[in-house]
Number of protein chains: 2
Amino acid sequence: MSNNLEQEKMGFHQFVCDLQDQITAEMKRIDPAINLLEDNWQRTDHKGLPGGGGRTRAFEGVVFENAGVNTSLVHGFIDPKFAQALGGTNDSMWAAGISLIIHPVNPRIPTVHANFRMIQAGEKFWFGGGADLTPYYPNVEDFQYFHRVWKEALSPYGEYEKMKKTCDEYFVNHHRQGEMRGIGGFFFDHYNSGDTLKDLQFVKDVACQFIKSYFPIVEKRLTEEFTEEDVDFQLHRHGRYVEFNLLHDRGTMFGLKTNGRTDSILISLPKRCKFSYQYKPKVGSKHEEMMKYYYPQEWA
Amino acid sequence: MSNNLEQEKMGFHQFVCDLQDQITAEMKRIDPAINLLEDNWQRTDHKGLPGGGGRTRAFEGVVFENAGVNTSLVHGFIDPKFAQALGGTNDSMWAAGISLIIHPVNPRIPTVHANFRMIQAGEKFWFGGGADLTPYYPNVEDFQYFHRVWKEALSPYGEYEKMKKTCDEYFVNHHRQGEMRGIGGFFFDHYNSGDTLKDLQFVKDVACQFIKSYFPIVEKRLTEEFTEEDVDFQLHRHGRYVEFNLLHDRGTMFGLKTNGRTDSILISLPKRCKFSYQYKPKVGSKHEEMMKYYYPQEWA
């Protein structure tokens, strides 16, 4: 491996840390009284050796009920069986990335999730990431806006259609007859064109669109009034969010299997949620309308 | 297979249906205004053929916030890969059982879960089941009572110590450093002494102790006053309950994989729950004391 590539790996870690700071600043601007807890943690690898760590930022505020904006840089030995499953050429790995989730208080503001990561297993490199929106109210123009930003970012690389489809297929509660967690966005995994430097540039170019894709929606809906029924629907959709993350999400599995930090991984769960037997929103309500948007469709 | 065994299989199904009725009557007696929704459902098997069904009873009341007391009798073809994993001699299965979960409103009353099932895969039979308690307040005498009832039921068969240990080892949030879901009880799976009729009698003898093991605790704590802090602790423990059920519970997996009925399976989830980053109860509180009981110990 060239020194150049080693420098690029550290450069990617720096990039995600800078992005973490920018997103933190944006959240503080919108929710000045927000409470931020920063945990700098370290881990040991499969052999008990120092294996890197991360910077977890947990937020609780008035606008943002709970949120996690985390970066990590982990490396070292992994379980050989797991290495084999990953397709690596030996049992060492290196990974750096940012992962974030923001659950607002107001049900008129959607939840957002995004992550961008660079992974090396043995001598193999690949990238993964994406961003997806989980709204609780049928403000269709917001869904269109979110998708439009990502379409503009990805289209120069010819990747929007494919990555939008991958997202639609990934964030699905398979045990709920194909109902999605939200309204999608884009998603990619095992991304590797053969030119790692080019792929790195692609991921950075895309990731830096995150702030533009989400915070204008927050500011637009910030003062919109909401009802008890809106909250009840939101909390039930939070329940579906939990179902997806714990039953289907590969990121959660990967984290828990690689001896990841449980609190940093499960920070993705919404603070409050509800489960009711055969929950259905009121007939004729905005929430019933919202239900039909949790299936793949064209937004941009 | 003898006609006798076929009759015993149907007899076991009748037994769990009767137990379902007895438990339903007990819940109505304690919580007269309880709302009961009964769903009689049918399923198709892996080949699309009629595959049995079940009777789901979903409760919502004043004492019991949400509860599910379900019976089912399912049969037919299963995915051959899954049949192999089960160790069956061909790809047909038959299963009957009762599964129940009761989440009370008052945090001074524990949540209870129990199930008893008879399974046939190919020509192989086995039994599974158990009962476990999830309290939210350190009323140690209740934990002792619950374990004592099961110890008395299981000891004549010489099974208490082993099945208590299996339960302690099963209901564990492995991603939470060995913290248990509750304070245990007993649990058994793949139970097969070689004498199916004898095993059947064992399971029935034990299962009919359920009412005695739990409802006296409910009646004792029914009018006990509770605080906002009690509720906050209860809802965070509900969160851990959800984590266990979705990340680790084999019953949930089995149900979702055998084309089970999602709503009947996920009825086990508590109605309201909370997730907070690095949640810890107040220092010196009863809830902090409770935390130390979520690890294996002798209760009876």
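Let's start with strand β6 of chain A, residues 124-134, which is mostly covered: nine of its 11 residues are buried. Do keep in mind that this is a predicted model.

So who are the neighbours of β6(A)? On one side of the story we have strand β5 of chain A, residues 111-121, which runs antiparallel to β6(A) and is joined to it by 11 bridges. If you'd like a pair to click on, take V112(A), whose bridge partner in β6(A) is L133(A). These two strands form a hairpin with two residues between them, and there G122(A) takes a positive phi near 60 degrees.

β6(A) also pairs with strand β9 of chain A, residues 185-191, again antiparallel, through five bridges. A pair to look at here is G129(A), which has F188(A) as its bridge partner in β9(A).

Now let's move over to where the two chains meet. How many residues does each chain bring to the contact? Chain A gives 24 residues, and chain B gives 24 residues. On the chain A side, the elements that contribute two or more residues are α7 (228-247), α9 (262-265) and β10 (272-274). The largest share, four residues, comes from α7(A).

Thanks, everyone, and I'm happy to take questions!

Definitions and conventions. Residues are numbered from 1 along each chain as its sequence is written. Chains are lettered from A and ligands numbered from 1 in the order in which they are written. This is a predicted model: local features need pLDDT of at least 70, side-chain atom pairs count only at pLDDT 80 or more; totals for chains, interfaces and linings use all residues. Two residues are in contact if their C-beta atoms, placed from the backbone, lie within 7 Å. A residue is buried if 20 or more other C-beta atoms lie within 10 Å of its own, exposed if 12 or fewer, and partly exposed in between; C-beta atoms are placed from the backbone. Two strands pair if DSSP finds at least two bridges between them.
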